[in-house]
Amino acid sequence: MKYNFDCLYQTMMGMTYEEVEAAVKDNAVVLFPAGVVEAHGPHLPLGTDIFTALNQALEVKRHFELQGGKCVVAPPFYFGGTQAMTRQFAGTFTSSEENIIAAVSDILASLDRFGFQNVVILNAHGDSVQRNAMLKTIVESNKTLKMKSYWVEYEDDAQYMGFNGDEDYLIKIAPMQLDEAFEIEKWPEDEFDIHAAAFETALMLDICPDMVREEKLDGLKPTMLKGDDRRKWNEGNAENIALVPKAYVGDPAGYRYIRADMDKVYEAFARSLYRYFYEGK
Ligand SMILES: [Zn+2]
């Protein structure tokens, strides 16, 4: 029996040590996809964030190299952390902040030892535990390692996400053109569409359609979280599980009116990274 490991072959896992040495000599930028294994409703697989992070990394690498840059993709980091309600569901693995910091620090120290100079973390999991752990790791690693680690945000989101904008580890990406990424015929019924809902389902249908259980989508009701309910979702206490009984937040059935096409988004993303590393802006 042969299995298809194609997307892993295209990361450093498919390279030899000599090829890694050559990439270091070429001063390749490392893209490091990070996510978590987490319940994504009855219709999407637990690895959705890993698949989207890995797809993003491989697509950004492709465009970055078409523009003339050198790039490698590190093995993806699976075992992140989840504070939100999905941690109450079977299949959601969650690590503590200190364990994420320890694991990711060791990975960055390894990349530094190989001789790489720049690594960009591409994090597909927005949970607070994960973000805080990653940002702390970047700041601490940049104090001790020769290699520089970077976090990326869309320029127009940076302030809202809590950055001053002048952090030396922050790369600001040109704003994402939502209308280029998604053809939206009708907005989802619940516009607070943040987890395993219309947009993420449409995205998965674009990048790995075989993984979407379309037959499960009929009859999934929108969650309609408002005000305090959103805080309760983020806190993830079991007593409030009725707010998100099927591990999604938003309106998954709204995927029918949305078509994702991420190609232009990843091309623009790669162009911003290229400008940052090769043109110093
Ligand atoms: Zn997700």
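Me: Hi, I'm new here: is the crossing of α3 and α9 left-handed or right-handed?
Reply: First, this is a predicted model, where local features need pLDDT of at least 70, side-chain atom pairs count only at pLDDT 80 or more, and totals for chains, interfaces and linings use all residues. Residues are numbered from 1 along each chain as its sequence is written. Helices (DSSP runs of H or I, at least four residues) and strands (E, at least two) are numbered from the N terminus. A crossing is left-handed if the near helix is turned anticlockwise from the far one by less than a right angle and right-handed if clockwise, and where α3 passes α9 the crossing is right-handed.

Me: At roughly what angle do the axes of α3 and α9 cross?
Reply: Axes are lines fitted to C-alpha atoms, for helices over the stretch in contact, and angles run from 0 to 180 degrees between N-to-C directions. α9 covers residues 263-278, and its axis comes within 8 Å of that of α3. The two cross at roughly 65°.

Me: And which residues of α9 make that contact with α3?
Reply: Two residues are in contact if their C-beta atoms, placed from the backbone, lie within 7 Å. On the α3 side you'll find Q56, E59, V60, H63 and F64. Their partners in α9 are Y266, E267, F269, A270, L273 and Y274.

Me: How many residues of the contact of α3 with α9 are nonpolar?
Reply: Ala, Val, Leu, Ile, Met, Phe, Trp, Tyr, Cys and Pro count as nonpolar, Asp, Glu, Lys and Arg as charged, and the others, Gly among them, as polar. Sorted that way, the contact has 2 polar and 2 charged residues. The nonpolar ones number 7.

Me: α3 also meets α7, so are those two parallel or oblique?
Reply: Their axes come within 11 Å and cross at roughly 55°, in a left-handed crossing. T48, F51, T52 and N55 of α3 touch E200, L203, M204 and I207 of α7, a contact of 4 nonpolar, 3 polar and 1 charged residues. Angles under 35 degrees count as roughly parallel, over 145 as roughly antiparallel, 65 to 115 as roughly perpendicular and the rest as oblique. So α3 and α7 are oblique.

Me: How many residues of helix α7 are buried?
Reply: A residue is buried if 20 or more other C-beta atoms (placed from the backbone) lie within 10 Å of its own, exposed if 12 or fewer, and partly exposed in between. In α7 (residues 198-207), A198, F199, E200, T201, A202, L203 and M204 are buried, with the cover including α3 (48-66), β6 (182-184) and β7 (258-260). The helix is largely enclosed by the rest of the structure because the buried count, out of 10 residues, is 7.

Me: Which loop holds A196, the residue with a positive phi although it is not a glycine?
Reply: The phi of A196 is about 55°. A196 is buried too, as 27 other C-beta atoms lie within 10 Å. Its place is the loop between β6 and α7.

Me: What is the phi of A247, roughly?
Reply: A247 is in the loop between α8 and β7. It counts as buried because it has 24 C-beta neighbours inside 10 Å. A247 is not a glycine, yet its phi is positive, at about 65°.

Me: How far apart are the C-alpha atoms of Y255 and A197?
Reply: Y255 lies in the loop between α8 (228-235) and β7 and is buried, with 26 C-beta neighbours inside 10 Å. Apart from residues up to four places away in sequence, Y255 touches A198, T201, A202, L205 and L217. Y255 and A197 are 58 residues apart along the chain, but their C-alpha atoms are separated by 7.5 Å.

Me: Is T92 buried or partly exposed?
Reply: T92 lies in the loop between β2 (71-73) and α4. Its contacts, setting aside neighbours within four places in sequence, are V37, E38, A39, T82, T86 and R87. T92 has 19 C-beta neighbours inside 10 Å, so it counts as partly exposed.

Me: How many residues does the largest nonpolar core have?
Reply: A nonpolar core is a set of buried Ala, Val, Leu, Ile, Met, Phe, Trp, Tyr and Cys residues joined through C-beta atoms within 7 Å. Those with the most contacts inside the largest one are V30, L31, F32, V119, V120, I121 and L122. The residue count of that core is 69.
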